[in-house]
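Hi,

Here is the model I promised to send over. Have a look at it first, and then read on for my notes.

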Amino acid sequence: MDFSIASILMLDGATNGAIYALLALATVLVFAITRVIFIPQGEFVTFGALTLALLQMGKVPGTVWLLLALALLAAAQDVAGALKRGLPLDRTLRSAAATLAVPIIVAALAWWAAPLKLPLVFQSLLTLAIVTPLGPLVYRLAYEKLADATVLVLLIVSVGTHFALTGLGLVFFGAEGFRNPSFWDARFNAGALSLSGQALIIFGVSIALILALFLFFERSLRGKALRATAVNRLGARLMGISTTGAGRLSFGLAAFMGALSGLLIGPTTTLFYDSGFLIGLKGFVAAIFGGLASYPAAAVGALFVGLLESFGSFYASAFKEVIVFTVIIPVLLWRSFQHGHDDEEE
Amino acid sequence: MRRTFLIGFVLVLALLPQLPVPEFWITQANYIGLYTLVVTGLVLLTGIAGLTSFGQAAFVGLGAYTAAYLTLTHGVSPWLTVWAGLAFTFVAALVLGWITLRMSGHYLPLATIAWGLSLYYLLGNIDALGKYDGLLGVPALRFFGIELNTGRSFFYLLWTIVVLAALAANNLLDSRAGRALRAVKGGSTMAEAMGVNSFRTKVTAFVLAALLASISGWLFAHFQRTVNPTPFGLNMGIEYLFMAVLGGVGHVWGALMGASVVVILKDQLQVLLPKLLGGSGNYEIIVFGILLVLVLQYARDGLWAFIEARLPRVQRKVDWADAPALAERARPPHGEVVLDLKDARKEFGGLVAVNDVSFQVRAGEILGLIGPNGAGKSTTFNLVTGVLPATRGSITLLGERIDALSSRAIASRGVSRTFQHVKMIPGMTVLENVALGAHLRGSRGVAAAMLRLDRAEERRLLKEAEKQLRRIGMQGSMHELAGNLALGPQRLMEIARALCADPTLLLLDEPAAGLRLKEKQALADVLRQLRDEGIAILLVEHDMDLVMGLVDRIVVMEFGTKLIEGTPEEVQASPAVRAAYLGTEH
């Protein structure tokens, strides 16, 4: 290996690392606020990338139907719950309408826009609008009822959700892979190093999003309320912060970051309906570097995972997944010696 | 009834291959058996010990590949390869468990996801193991000259092993080791206070589950006669957990139920769903995923719980009347200093919870520790019992420094406690909960329990538990589930459990809270009797009538500092104590 290969691998690793960082941050965010270990994070990546791919082909993607179905279920669940508790009908119907409004508008938009083959940027925004609301809906249907269950039960729910979403991905997108067009075809050469416009976009968007999150949590009241929920659920509730609302918001953010990651890597690799799982899990491995608690450590971990993967695939390409996922073991070992016992639950 | 059920089940199993049922059914039954074996391990791990694993399929793979590789390339007899597979699995599970089980419960499942994925890709990329094509032509098992090369002949071997494993698991649950397994669920403070090595117990549960999976893998290799990585991937690992949750993680027979339902359902769905949705693929995972979530939302105890609720509850037969009593510790003579705190201090960051507190407790004495809420009484308790390490100062038990020892080591030296918030195992009977207190007075482990070689010792432990319950006046409810008791009796049960450890020093944290007057008087009588037997008692209690009439001396704490020490009369007369409790006039 010479310097030029090393630098290419480093650039490659850093590009993937930026994506993993987004996913790792979403994982930490969701865990801190809801105690859910969000295995289906990766499904939003595939949903994002493949929804765009179908829009490119002028078709209405299946995720639109999923969005409508989940919204209907959530609204029905709310209405049933409200009737059981004897709440007034008009208020119940109004809240059901609120649940349904955004999904119906987005679906109508998708219906109208799909055959028109609008510009890539518009389709990307539409994709984000389709996939992001899936997050809160998944939270409402799968997790909300179990919000006070143990981490273990929530983890098993996550795995079930992952199964269901992966299977639905197969129904929506088929078994074939897709590769999206690049957002920016430019190439920049510096010696042996060649930087694509797409890589620049990945870096730019990732950094911008991380900054935006930082500002959101540090400066906005909503963000501070989320942080309060993460520290102490009961305390936050006593302060008038809705932990249910916090959970939905965190899942919305996670779905948004997942879909965005999908849009970003769509042009760099061929994605299949089940590719998201491994991508999400790599974000996960990164999040474990920070014990599912520290955002900066998760970001650094993500960079490390990206580099490990790119160098691993150079030296032993068949074993790159083995290398990436086995690294979790020494990381856990290191954490266990750093932090020792910590297992008093409920 | 239960016994008839079991005998009937075994009879059906024995007859099934003899009947003219289609071969397909036999195959399905064999898969159910293979899966049940794995899921039985998951029940022990998830339902009993409160841990979980998504990597059981990988352990199945380890067993299967070891068997296939060794028989195919080295011609080793399958009856030897099973041990090789078990040895491999043992080491792998031990390493994984040892690394992850020191930390919070959710790190183990995460590590098993990574492990399941890694092993899948590893198996799929090793040339010697045939990469993703796997190894073909694994020979059938031979059993005393009979070749088990048909589904029907294999059925008998498989189901014998399955039934034996289920019986062994049930035996384990009803034993000293089984109580320890249940005790580690949901936190280790109580388990450690009972002298259970919670880390080791968790590792044991994980290794045990892995070994069952490995045996299933060995059988799988010789049943399918071929191995490839797919059935050992993460998806299958998740499916095993699905079977466990669906069947009911709390019951060994839930494993059988879960495996049966999933195998049958999967077969139906694989025909139905492609017709419905068009195309092909494993659409059944959509249904499995949604079902898994719904089961957790609406029927957390799984399907078996519905059957269990209809079966009569069998009361344990009292068979320990003639068992010899357990050996007792030599008691220190009356008046000897048992516990000696010298300037014990505990800081949490900048907060001093216990500020250089010193006092002594003597054998045959009850020392009351009182003070307003937040005075540091419970923290003092936690320092003495080793739940928290002291920042400074010394704590001595019968002349031996114990402030650097673990909670378990302190328990083994004769310190027993109850908890301010009752910590028990609600799903076990009162008797079994109390017997947990005698954990350190027995020694038989997992293997002995599975093979029922522990019965002599078990009878002695249960006899002791009954004796302590009798002493506390609770022998009448010994067969009730602990979770069904009211708060008062639960506290009394904790005292009986503490007494089961044959303590030199007994620490009681608000034992009278929730008791009625009569129960309080009975409790006071028991404590007096224990004092007369030479036990040293440290009592934290808010009921002043009880404290003043019972204890020999009182230590009053306020804001982490010792305010005064003296007889009840001296304390009652002290203006400083009144000020602490009632405030001062300004």
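To start with chain B: how far apart do the C-alpha centres of domain 1 and domain 2 of chain B lie? The answer is 48 Å. Keep in mind that this is a predicted model. The domain assignment puts domain 1 of chain B at 35-234, while domain 2 of chain B is made of two stretches, 337-414 and 503-582. The two do meet: six residues of domain 1 of chain B are in contact with six residues of domain 2 of chain B. On the domain 1 side of that contact you'll find two nonpolar, three polar and one charged residues.

On confidence, the model has an ipTM of 0.91 and a pTM of 0.90. For chain B, the mean pLDDT is 90, with 99% of its residues at 70 or more.

Now the sheets in chain B. One is an open sheet of six strands with mixed pairing, and its order is β10-β11-β12-β7-β13-β14. At its edges are β10 (415-417) and β14 (561-566) of chain B, each of which pairs on one side only. From one strand to the next, the twist averages 20°. If you zoom in on the β10 end, β10(B) runs parallel to its partner β11 (residues 505-509) of chain B, and three bridges link them. There, B:Ser416 has B:Leu506 of β11(B) as its bridge partner. Helix α20 (residues 517-532) of chain B lies across this sheet's β7 (366-370), β11 and β12 (536-540), and its angle to β12(B) is about 150°.

The other sheet I looked at is open too, with four strands in the order β6-β5-β8-β9 of chain B and antiparallel pairing. Its edges are β6 (351-362) and β9 (400-401) of chain B; each has a single partner strand, so one side of each has no neighbour in the sheet. The partner of β9(B) is β8 (residues 392-397) of chain B, and the two pair in the antiparallel sense over two bridges.

Next, the place where the chains meet. Chain B puts 40 residues into the contact and chain A puts in 44. On the chain B side, the elements giving two or more residues are α4 (78-100), α5 (107-123), α10 (234-247) and α12 (284-298). Of these, α5(B) gives the most, with ten residues. By class, that side of chain B has 24 nonpolar, 15 polar and one charged residues.

Last, a helix pair in chain A. The axes of α8 (residues 197-219) and α9 (residues 221-231) of chain A come within 5 Å of each other and cross at roughly 80°. From α8(A), the contact uses A:Phe216, A:Phe217, A:Glu218 and A:Arg219, and from α9(A) it uses A:Gly223, A:Leu226 and A:Arg227. By class, these contact residues are three nonpolar, one polar and three charged.

Over to you!

Notes. Residues numbered from 1 in each chain as written. Chains lettered and ligands numbered in written order. Predicted model: local features only at pLDDT ≥ 70, side-chain atom pairs only at ≥ 80, totals over all residues. Axes fitted to C-alpha atoms, helices over the stretch in contact; angles between N-to-C directions. Contact = placed C-beta atoms within 7 Å. Nonpolar A, V, L, I, M, F, W, Y, C, P; charged D, E, K, R; others polar. Domains from an automatic or database assignment. pLDDT = per-residue confidence, 0-100. Pairing = 2+ DSSP bridges.
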